[in-house]
Every structure is written in C-alpha cells, then in structure tokens.
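Let us walk through this structure, starting with its open space and moving on to a helix beside it.

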Amino acid sequence: MLVTLDQEHWEIADAKTLGDVLADISEKSHARSRLITSLTVDHRPITDRDLDPAFLSEPIGRFSQLTATSQTIDDVMRGA
C-alpha cells in the first residue's frame with residue numbers, strides 16, 4: 001500500500017490492518033504537532049463514521065493507496 005502524509009510517501013507491507021496504518025500516520029502527525037484533517041483510501045473520502053471496528057480491521061492488502069493531510073492546531077483553530 002502506498003501511504004502519503006502531506007508530502008511524504010512510503011510503502012507499507014500487506015501484513016498490517018488499516019487501523020495499524022492509521023495509528024502510524026497519527027503518530028507521525030502528532031510528532032510534528034499536527035492533526036490529520038482529511039483522509040482518503042483508494043480515492044474514497046473517509047469520515048469519522050467510517051472508522052468502525054470492521055473497517056479498521058481490514059487488511060491493507062485490500063487497498064492500494066491511503067492519503068492523509070494534516071494541519072497545525074493553529075491552522076485548524078483559525079479555520080474553525
């Protein structure tokens with residue numbers, strides 16, 4: 001699976017679940033003091049309602065691409 005977080009790209013092995021990948025992305029974003037503000041999986045926008053246990057436990061081999069965009073907390077607050 002090709003994963004993109006802002007301008008950074010990397011490949012992840014098929015042994016993980018979608019929940020594992022989202023946790024990795026969240027950690028990377030948090031380490032940069034940023035919040036994930038949009039998420040797409042195979043060009044499908046993902047909302048908080050999609051993040052149920054069944055979806056999160058899907059093996060990433062079922063998907064080809066995950067794209068996440070993050071913003072600083074200040075930018076999120078200014079846009080609120």
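The largest pocket has a volume of about 330 Å³. A pocket here is an open set of points on a 1 Å grid over the protein atoms alone, where a 1.4 Å probe fits, with protein on both sides within 12 Å along at least five of seven lines. Its volume is the space filled by probe spheres set on the points. Of the 18 lining residues, Ser26, Leu35, Ile36, Thr37 and Leu39 are closest to the centre; lining means an atom within 4 Å of a point.

This is a predicted model: local features need pLDDT of at least 70, side-chain atom pairs count only at pLDDT 80 or more, and totals for chains, interfaces and linings use all residues. Numbering runs from 1 along each chain, and side-chain values use heavy atoms, without hydrogens and water.

Strand 3 (34–41) gives the largest share of the pocket lining, six residues. Helix 1 (18–31) supplies at least two. Helices (H or I, at least four residues) and strands (E, at least two) are DSSP runs, numbered from the N terminus.

Now turn to helix 1. Which of its residues are buried? They are Leu18, Val21, Leu22, Ile25 and Ser29; buried means under 20% relative accessible area, exposed over 50% (1.4 Å probe, protein chains only). They lie on the same side of helix 1, because they cover an arc of only 95° around the axis, taken from the directions from the axis to the C-beta atoms. The face turned away carries exposed Glu27, His30 and Ala31. Serine 33 follows helix 1, with a positive phi near 60°.
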